[in-house]
Each structure stands twice: as C-alpha cells, then as structure tokens.
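Here's a quick briefing for anyone meeting this structure for the first time. Have a look at the sequence and the model, then read on.

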Amino acid sequence: MSSPNRSSNRFLSLSLLAAILSVLLALAEPSSVALAQTQPRLLDAPRVAGQVGERYDGYAVARGAVAADIAALIERVNAERRAVYAQRAASDKAPIEAVGKIYAQQIMQSAPAGTWFLSETGQWSRR
C-alpha cells in the first residue's frame, strides 16, 4: 500500500511533467502548432457524423466500419500527428506518449460539438 506521501509525490511529479509539457508546447515552433491546430479540421465532418473519434493519446480512430477514403484520411492524419509528436518529443526530451496526450487535450478543446472521445479506460463520451 502506498503511503500518502508517495501518492502525493507521484501526483506532484505527474502534475509537474504535465505543466512543463504544456509550457513547452505553448512555445512550440509555429509550424508544429499550426499543423496540430489545422489538421483536425480535415476530420470535422466524419467526427460530427460519428464515424471518427479522438483518442486520449492524440490519435484519431474509426468508430466502427468506415469507407476506404475515411480510413485513409485517418491514417494520413495520424501519420502527420505522429511526426509532430515525435519532433516535439525529441526537441523537448520528453516521452512521445506524453506529448500526444497534451495535444489530445488541445484537440478535445477545438473539436466540433458531437465529436466522440475515447478515454484511457476505454469509455466513449460525446462532446
């Protein structure tokens, strides 16, 4: 069983990491930020239609069977996101997973109403 101090320290460490990554992403190169902010627009129509959802880790995901063009769009968007996350992770010496989660928060805030989000626990919720 964890002592309260260990749990508090772990929470503070995770909170500090999230805060640092948030600041680093806020200072991100304009091209990376622009890509992260404009690229989800490509998915707006399929997201509103419920065909595409957004995951907690910053990647888009099909919600059931989708047409080949939608599947290709998801793959393309995720490849572009992966490249941005890898670049930020390398330049900030941070785990790519942490970078993806920070971008996921930004995507969630800018996604159109009706977008589905998949949590880390596997639960879908709709905005």
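**A first look**

N78 counts as buried, because its relative accessibility is 9% and buried means under 20% relative accessible area, with exposed over 50% and partly exposed in between (1.4 Å probe, protein chains only). You're looking at a predicted model, where local features need pLDDT of at least 70, side-chain atom pairs count only at pLDDT 80 or more, and totals for chains, interfaces and linings use all residues. Residues are numbered from 1 along each chain as its sequence is written, and side-chain values use heavy atoms, with hydrogens and water left out.

- You'll find N78 in helix α4; helices (H or I, at least four residues) and strands (E, at least two) are DSSP runs, numbered from the N terminus.
- Setting aside neighbours within four places in sequence, N78 is in contact (heavy atoms within 4.5 Å) with Y59 and A60.

- Four strands make an open sheet, in the order β2-β1-β3-β4 and with mixed pairing; two strands pair if DSSP finds at least two bridges between them.
- The edges are β2 (60-62) and β4 (124-126), each pairing on one side only.
- On average, neighbouring strands here are turned by 35° against each other, direction ignored.
- β3 (residues 116-118) pairs with β4 in the antiparallel sense, over three bridges, and F117 has S125 in β4 as its bridge partner.
- Helix α4 (residues 68-92) lies across β1 (52-55) and β2, running at about 160° to β2; axes are lines fitted to C-alpha atoms, for helices over the stretch in contact, and angles run from 0 to 180 degrees between N-to-C directions.

**Nonpolar cores**

- The largest nonpolar core has eight residues: Y59, V84, Y85, A89, A94, V99, Y103 and I107. Such a core is a set of buried Ala, Val, Leu, Ile, Met, Phe, Trp, Tyr and Cys residues joined through side-chain atoms within 4.5 Å.
- Helices α4 and α5 (96-110) each supply at least two residues of this core.
- Apart from it lies another core, of seven residues, including V52, A60, I70 and I74.

**Aromatic rings**

- Two aromatic pairs turn up, where rings of Phe, Tyr and Trp (its six-membered ring) pair if their centres lie within 6.5 Å, and planes under 30 degrees apart count as stacked, over 60 as edge-to-face and the rest as tilted.
- The rings of Y59 and Y85 have centres 5.3 Å apart and planes at 70°, so this pair is edge-to-face.
- That pair links distant parts of the chain: Y59 is in the loop between β1 and β2, while Y85 is in helix α4, 26 residues apart.
- Y59, Y85 and Y103 form one aromatic cluster.

- R63 lies over the face of W116, at 4.2 Å from the ring centre, and over the face of W124, at 4.5 Å. A charge sits over a ring if NZ of Lys or CZ of Arg is within 6 Å of the ring centre and within 35 degrees of the ring normal.
- G50, in the loop between α3 (44-48) and β1, is in contact with R63 and W116, leaving aside neighbours within four places in sequence.

- Most residues other than glycine have a negative phi.
- K93 is not a glycine, yet has a positive phi of about 55°.
- K93 lies in the loop between α4 and α5 and is exposed, with a relative accessible area of 76%.
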